[in-house]
Amino acid sequence: MKIDYIRPVFDKTTPRFYIETYGCQMNVNDSEVVASIMQKAGYSITKELNDSDIILINTCSIRENAEQRVWGRLDVFRQEKKKRPEVRVALIGCMAERLKDKLLENQVVDIVVGPDAYRDLPKLLAETESGQKGINVLLSREETYSDISPVRLDKNGVTAFVSIMRGCNNVCAFCVVPFTRGTERSRSPQTIVGEVEELRDKGYKEVTLLGQNVDSYLWKPENLNFAQLLEQVALAVPQMRVRFSTSHPKDMSDEVLVTMARHANICNYIHLPVQSGSTEVLKRMNRKYTREEYLERIKKIREIIPDCGISTDIIAGFCGETIEDHKATLSLMATAAYDFAYMFNYSERPNTKAARHFADDVPEHEKTERLNEIIALQNRLSLESHRNELGKTVEVLAEAYSKRSDKDLCGRTAQNKMVIFPRKNYRIGDTVLVKIVSCTSATLKGEALD
Ligand code: SAH
Ligand code: SF4
Ligand code: F3S
């Protein structure tokens, strides 16, 4: 029996779905694509787990603990199903692709759908009506969901993600993404620009173009590369901010940097994951650049875009990493003077090159010790980077109320630095000139100029 009394009468016939997302920005954007597919199929969205007929969980496999969190959530969904046995659970995304039908052994999971099979969700859901379980984890060489207009779930109405490609053709030894997302394919520039213009028309102020390796974007019919796409987008929406992520050090071209310098609305910010500062480790990681080549890229960025914000990703304790390798990472960080970093302990992922060829031989406590040193150094570098902003006037796009108080707004500078300032008469979506008066390693604080 369905418990219908909690629903408004007019909505009685519309089944509802609830969606939770883990993992990277691409997954966030995928959930928006999924929401669009579900709405077209006649489902409506709810923010309440206990008000849903269908629970979707969009998962991540990047590290062991990302998967652990999902297992934890499945326990919660099990409780929900105990209360309301008619609820169905669909596990989608990277974990679906990695573990496939093994997931169906878990009683709480009704449907398993991989990242390239989301169009099949409504059909699979319909099949579960008769108590069947369903699975589609086929990867595709073509699917880019380019005709689907994502339903924006994060409703700030100011910033949005647009995927420009899917999959990844690199084989970084530690990484599960090529297995979960399949081969790389680029989306047509027409549909990308169309989606960005649609966002502009809805009042959005900033767009982030997404891909695992944006520099290898290539639209073959027109031989259009990433720098050219970036330029097209920047020209199409001159009043919007344009960002992108992620750049790969082996592929990031001077042409991209020059394009950034040429267009004021392309934010001066680059996320350039280094992973390690040791050429030996980089080689084992199969990253295809040396420490020196990476630092040369940093130098070039600073040359062409002097005020560019730069962030990175770092892995502590990869297979065979010595203390000298670790020290090389610390010294590279100091030289690069990163504004921000995402930092992780190495987590072995089944079937990756590293899992097959190298021993995960840095003890856990040692990884954590190295990670803590990396984090401590980055905190100092971030503080330094923020101190350099003191007394300056910066342009901030207000994205939200500050977490602490709705009397304050928060938003980011072009360099991606978070700024908090008293709201006065400004509103979310305004671009505000803010004079920076104080800082921590995490945020800048300032006063809006009238
Ligand atoms: N495409 C991006 C990275 C995507 S994954 C790039 O090439 O840089 C995001 C980050 O997760 C990676 O940059 C890496 O730092 C981290 N990561 C990936 N696999 C990992 C693993 N097995 N253990 C720890 N961190 C990992
Ligand atoms: Fe993973 Fe490397 Fe591809 Fe990034 S470039 S998604 S780290 S394989
Ligand atoms: Fe995770 Fe998949 Fe993204 S493994 S980081 S959600 S591409």
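Author: The model is predicted.

Reader: Which residues of α11 make the contact with α10?

Author: From α10, the contact draws on Arg291, Tyr294, Leu295, Ile298 and Arg302. By class, the contact has six nonpolar, two polar and two charged residues. On the α11 side, the residues are Ala328, Ser331, Leu332, Thr335 and Ala336.

Reader: Is the crossing of α11 and α13 left-handed or right-handed?

Author: Helix α13 spans residues 364–387, and its axis comes within 10 Å of that of α11, crossing at roughly 15 degrees. That angle makes α11 roughly parallel to α13. The crossing of the two is right-handed.

Reader: How many residues of the contact of α11 with α13 are charged?

Author: In α11, Ile323, His326, Thr329, Leu330, Met333 and Ala334 take part, and they meet residues of α13 that include Glu366, Arg370 and Glu373. The contact also holds seven nonpolar and three polar residues. The number of charged residues is three.

Reader: Which strands are the edge strands of the open sheet of six strands?

Author: The strand order is β2-β1-β3-β4-β5-β6, with parallel pairing. An edge strand pairs on one side only. The edge strands are β2 (44–45) and β6 (134–136).

Reader: What is the bridge partner of isoleucine 111 in β6?

Author: Strand β5 covers residues 111–113 and pairs with β6 in the parallel sense over three bridges. In β6, the partner of isoleucine 111 is glycine 134.

Reader: What angle does the direction of α4 make with that of β5?

Author: Helix α4 (residues 121–128) packs on the sheet and touches β3, β4, β5 and β6. Its direction and that of β5 make an angle of about 165 degrees.

Reader: How many residues around ligand 2 are nonpolar?

Author: The shell includes Cys168, Cys172, Phe174, Cys175, Val177 and Pro178, as well as Asn170, Gln212, His248 and Arg287. By class, three residues of this shell are polar and one is charged. The number of nonpolar residues is six.

Key: Residues are numbered from 1 along each chain as its sequence is written. Chains are lettered from A and ligands numbered from 1 in the order in which they are written. This is a predicted model: local features need pLDDT of at least 70, side-chain atom pairs count only at pLDDT 80 or more; totals for chains, interfaces and linings use all residues. Side-chain values use heavy atoms; hydrogens and water are left out. Contact means heavy atoms within 4.5 Å. Helices (H or I, at least four residues) and strands (E, at least two) are DSSP runs, numbered from the N terminus. Ala, Val, Leu, Ile, Met, Phe, Trp, Tyr, Cys and Pro count as nonpolar, Asp, Glu, Lys and Arg as charged, and the others, Gly among them, as polar. Axes are lines fitted to C-alpha atoms, for helices over the stretch in contact, and angles run from 0 to 180 degrees between N-to-C directions. Angles under 35 degrees count as roughly parallel, over 145 as roughly antiparallel, 65 to 115 as roughly perpendicular and the rest as oblique. A crossing is left-handed if the near helix is turned anticlockwise from the far one by less than a right angle, and right-handed if clockwise. A residue is near a molecule or strand if one of its heavy atoms lies within 4 Å of it. Two strands pair if DSSP finds at least two bridges between them.
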